[in-house]
Every structure is written in C-alpha cells, then in structure tokens.
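Dear colleague,

Please find below the sequence and the structure that I am handing over to you. My notes on what was found follow directly after.

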Amino acid sequence: VVQREKTEAIRSHKDLVKDQAPFFQKATQFYESLAHQLVLQGHTLDVFACALDQVGLAEMKPAIERTGGMVALAESYHHQTFKDSLRQIFLKDEEGLNICSHGTVEVFCSKDIKVSGCVGPCAPLDKKSPLVSENSVGMGGTTVWRLCSLSQSTTLCVFFDIVGNKEGPQAPGGNMMSSQQFFLQFQVKYTTLQGEAKMRVITLTRHWVDGGNVQDLLAGFDQEASAVIMARLLSSKMEAEEEFNATRWLDRTLIRMCSRFGDYRPEDPTSFQLSPQMSIYPQFMFNLRRSQFVQVFNNSPDETAYFRMILCCEDAFNSLVMIQPTLTSYSFNGPPEPALLDVASITADSILLLDAFFQVVVFHGSTIAQWRKAKYQDRPEHAAFAQLLKTPMEDATEIIKGRFPVPRLVDCDQHGSQARFLLAKLNPSSTYNSSMQGSGSEVIMTDDVSLQVFMDHLRKLAVQPS
C-alpha cells in the first residue's frame with residue numbers, strides 16, 4: 001500500500017485518479033491472481049481489518065468479492081463493531097451456521113434474450129454459450145458464475161440484453177398470445193455444511209409488450225429494486241471505466257427515463273408528473289448521488305471499497321437503506337412514526353432514529369438533551385420521559401441485532417459534534433444561504449442542492465423536446 005519509510009502519505013482517491021499510487025496496480029493484480037486460485041479451489045477470503053489508517057482493502061477487493069468473502073472494517077480490535085461482527089459469524093440457527101459453499105449459478109433464457117453479465121459476490125466461469133451477449137456488464141462473457149460462499153442473504157444482480165424481435169417470434173398460425181411469452185431460469189447448486197449437495201431451480205416467465213404502451217411497462221416496474229440495480233451498476237462502472245463521470249451519467253439516465261415515462265405537456269414543467277409506480281424513483285436517485293458510493297470525498301479508498309462490497313452482496317431492502325436511510329421520530333405527541341429524511345424533521349422536543357445501515361443514530365433534540373443532562377429521567381414523576389429515552393435505544397438495538405457487518409451505534413445530541421452523522425444524510429432544505437434561515441429550524445452548512453431544487457431542474461429538462 002505504501003513504503004515502510006514514513007516519508008510519504010498513504011494513497012488517496014486523488015492519487016489513484018492521477019496514477020500517483022505506485023503500488024496500487026501491482027497489488028491489485030496480485031490479489032486478482034490470488035482470487036483466481038481461490039475460486040479454482042473453492043475457498044473464501046474473509047477480511048476483518050482494524051486500523052486507524054488504511055490497510056489495503058481496496059487492493060484486496062477482487063479476492064474478497066469474487067470469493068464471496070465477509071468483510072468488516074473497524075478502527076481497532078477493541079472496537080465494538082469488530083467484536084460484534086466477529087461474533088455474528090458464528091451465530092447458529094437450527095441447521096448450524098448459515099453458510100453454504102461450492103455454489104454455482106447458471107442462467108438460461110429464451111433465444112431473444114442474452115446474458116450481459118452479473119454484479120455481486122461471485123466469479124465468472126469460463127463457459128461459452130450462445131446466450132452470452134456482446135455487451136458485457138460487470139462480470140460478463142459467461143452464463144455461469146461460481147459462489148465460493150453463500151447464505152440466505154446473498155444477492156446477485158444479473159443483466160440481460162434484448163437482441164431479438166421485441167414482440168417475440170411469430171408462432172405457426174399467427175397466434176401472438178402464445179408467442180409473446182419468454183422464459184428465464186436460474187439454476188443454483190451448492191453444498192451445505194453437512195455435506196449435502198443441493199440444487200434450486202427458479203423459472204420465471206414474462207410477456208413481451210408493445211413498447212409504445214407506457215402503462216404496460218410501468219405495471220412491472222419496481223422502483224426500489226431499480227434503485228438498487230442502478231447503485232450496483234454505477235459502482236461497477238466507477239471502478240471499471242476510467243474518467244467516468246458518475247453524477248452526469250446518473251442525471252442523464254434519469255432525465256431520459258422521466259422524458260420517456262413522465263406525463264407532461266412539452267416545455268411546461270408545471271404539468272410534469274410521474275405515475276405512482278415511479279414517483280419515488282427520482283428521490284432514490286437524489287440520495288444515491290449524495291451517497292458514499294458516488295461521493296468519495298472524506299472517504300479513503302479502503303472505506304469506499306468496503307461500502308461498495310457490502311452494497312453488492314446485500315438484499316434489496318438493506319441496499320435501499322444504504323442508499324436512502326430510514327428516519328423515525330419519537331415524541332410525547334404519540335407513538336413512533338416515520339419522518340421525512342429532511343432537516344425540517346429536527347425539532348427540539350423529539351428524538352430521531354436514523355438507520356443508515358453502516359450507522360444507527362439516536363439523535364436527541366436540544367430540549368430533550370437538556371432534560372437528559374439534568375437527569376429528569378431518574379425522577380419518578382418523569383417516568384414518561386424515561387420511557388421516551390428508552391424506546392429509541394431499544395429499537396436501535398433491535399436493528400443492530402442480526403445485521404452483518406454490525407453497524408456503529410451513535411448516541412448524540414442536537415448541536416453536538418456527532419450530530420454530523422445525521423445531518424450528512426438529511427435533505428438540506430434549509431442551509432446557511434437559504435431563505436428559511438432564521439425560521440427556527442436546524443440549518444445545514446452545505447452548498448449541496450436540496451431535493452426541491454433537484455426536482456425543479458429535473459422537470460425543466462424532462463419536458464424539453466428531444
């Protein structure tokens with residue numbers, strides 16, 4: 001990663017972009033060759049890295065990801081994240097450890113579809129097939145991938161390429177109803193800890209639709225899964241393509257989609273609207289643009305590699321939490337309720353619980369914080385306040401339990417130093433230079449645009465004639 005002499009700093013993202021990290025390419029090639037050997041032997045590389053500085057996790061990424069290894073990154077071996085994550089691996093269920101090995105995934109599809117590739121904790125096997133597309137995405141060039149290690153939460157993202165007639169082949173007699181159907185099949189083979197060889201087959205069928213009918217396409221659109229797919233694809237492109245502008249590519253893709261599927265009058269932004277199946281998707285893209293997967297500022301190459309590795313192996317729900325965290329508000333006014341991921345959700349007399357997957361933040365408003373420092377919760381007449389403090393901590397503990405890697409629990413107060421973990425994830429609708437300053441709400445010191453400004457620009461560009 002760096003020379004043993006302490007005369008130079010360890011490599012940063014800027015050094016990687018300018019090709020000023022002399023050991024990065026050689027180290028990456030070494031771990032790529034190691035990954036090849038591990039995959040052939042069916043072994044998995046798990047890494048628990050603990051250091052105040054970097055340890056070379058970015059170079060190790062090919063070997064960890066292609067073998068389906070577990071990874072945890074902490075500041076020291078005494079850190080609670082490391083201890084709990086290591087303990088989490090050896091938790092047993094009724095069937096033992098929740099880990100299987102020597103797995104393979106093979107994809108079969110109808111002749112009008114070809115397989116472009118896969119993004120996830122797997123390695124491509126050298127099996128040629130007429131079903132392989134010329135347009136490679138992620139780990140392409142094959143229809144079979146090796147999973148050295150897999151569990152119930154292992155998730156792969158497979159990309160397909162439509163190459164034939166979109167309406168399907170014409171059946172004898174001209175019966176289009178039967179010819180519009182196509183099939184996808186996934187064959188998963190693996191070995192359990194007891195040595196049993198198992199195979200699971202998943203067969204899906206879908207129908208071709210006329211591309212001119214937008215409603216038919218929207219009926220099968222899953223905006224949550226699509227946001228996770230875009231995050232994985234974006235992470236893969238940022239690592240594989242040099243000088244790739246992730247934010248510009250993401251914006252252009254979103255504008256094209258809104259122009260295609262939005263309902264509007266040309267050159268009239270006020271008339272623009274999206275169907276319910278797609279209405280939250282731009283908000284997911286807004287948060288993805290601001291996430292640690294795209295913005296590498298204030299993160300080391302090791303941290304960025306760590307975040308992207310976890311993203312590419314978790315299921316859709318957990319991945320969506322990484323992209324757009326969940327926020328819950330606790331107050332005396334009623335039971336806990338979901339809150340907008342916005343700075344306006346911060347109030348002095350409430351407690352916020354943020355689940356950002358890698359961190360779980362319990363944030364106390366200024367009034368709540370003052371009462372807590374005054375030990376009001378220890379007085380019998382303030383039992384309701386004691387319960388208000390206790391409930392979010394119990395919910396945070398429930399979130400942390402069972403998650404790997406174990407997230408960091410942050411207990412902070414408004415205007416405190418650790419409040420930054422919450423403020424960094426909120427929509428900056430009120431900043432130091434906005435008109436809302438001085439209205440009594442929390443202010444975020446940032447130059448980032450708010451969701452409202454983002455949506456206004458999106459509407460203007462989407463309604464422009466192509």
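**Strand pairing**

Strands β6 and β9 (residues 157-162) are paired in the antiparallel sense over six bridges. Here a pair of strands requires at least two bridges found between them by DSSP; helices (H or I, at least four residues) and strands (E, at least two) are DSSP runs numbered from the N terminus. Please note that this is a predicted model, in which local features need pLDDT of at least 70 and side-chain atom pairs count only at pLDDT 80 or more, whereas totals for chains, interfaces and linings use all residues. Residues are numbered from 1 along each chain as its sequence is written, and side-chain values use heavy atoms, with hydrogens and water left out.

Within β9, Ile162 is the bridge partner of Ile113. Strand β6 (residues 113-119) is mostly covered, with six of its seven residues buried. Buried stands for under 20% relative accessible area, exposed for over 50%, and partly exposed for what lies in between (1.4 Å probe, protein chains only).

An open sheet of five strands runs in the order β15-β14-β16-β17-β18, and its pairing is mixed. Because β15 (334-338) and β18 (408-413) stand at the edges with a single partner strand each, one side of each is left without a neighbour in the sheet. From one strand to the next, the twist averages 15°, with axes taken as lines fitted to C-alpha atoms (for helices over the stretch in contact) and angles running from 0 to 180 degrees between N-to-C directions. Three bridges join β14 (residues 326-331) to β15 in the antiparallel sense, and Ser329 has Glu337 in β15 as its bridge partner.

**Phe332 and the aromatic pairs**

The loop between β14 and β15 holds Phe332, which is partly exposed at a relative accessible area of 46%. Leaving aside neighbours within four places in sequence, Phe332 is in contact (heavy atoms within 4.5 Å) with Trp371, Ala384, Phe385 and Leu388. Trp371 is itself partly exposed, with a relative accessible area of 30%.

In total, the structure holds 18 aromatic pairs. Rings of Phe, Tyr and Trp (its six-membered ring) pair if their centres lie within 6.5 Å; planes under 30 degrees apart count as stacked, over 60 as edge-to-face and the rest as tilted. The pair of Trp371 and Tyr376 is stacked, because the ring centres are 6.5 Å apart and the planes stand at 20°. Tyr376 counts as partly exposed, at 27% relative accessibility. Phe30 and Tyr31 form an edge-to-face pair, with 5.1 Å from centre to centre and 75° between the planes. Ring pairs also link Phe48, Tyr77, Phe82 and Phe404 into a cluster.

**Arg11**

Arg11 lies in the segment before α1 (13-17) and is buried, with a relative accessible area of 4%. Which side chains make polar contacts with the side chain of Arg11? One is the side chain of Gln54, at 2.4 Å, and another is that of Glu59, at 2.7 Å. A polar contact is a pair of N or O atoms within 3.5 Å; within protein, one must be able to donate a hydrogen and the other to accept it, and residues adjacent in sequence count only if both atoms are side-chain atoms. Not counting residues up to four places away in sequence, Arg11 touches several residues, including Val1, Leu16, Ala21, Pro301 and Asp302.

With kind regards
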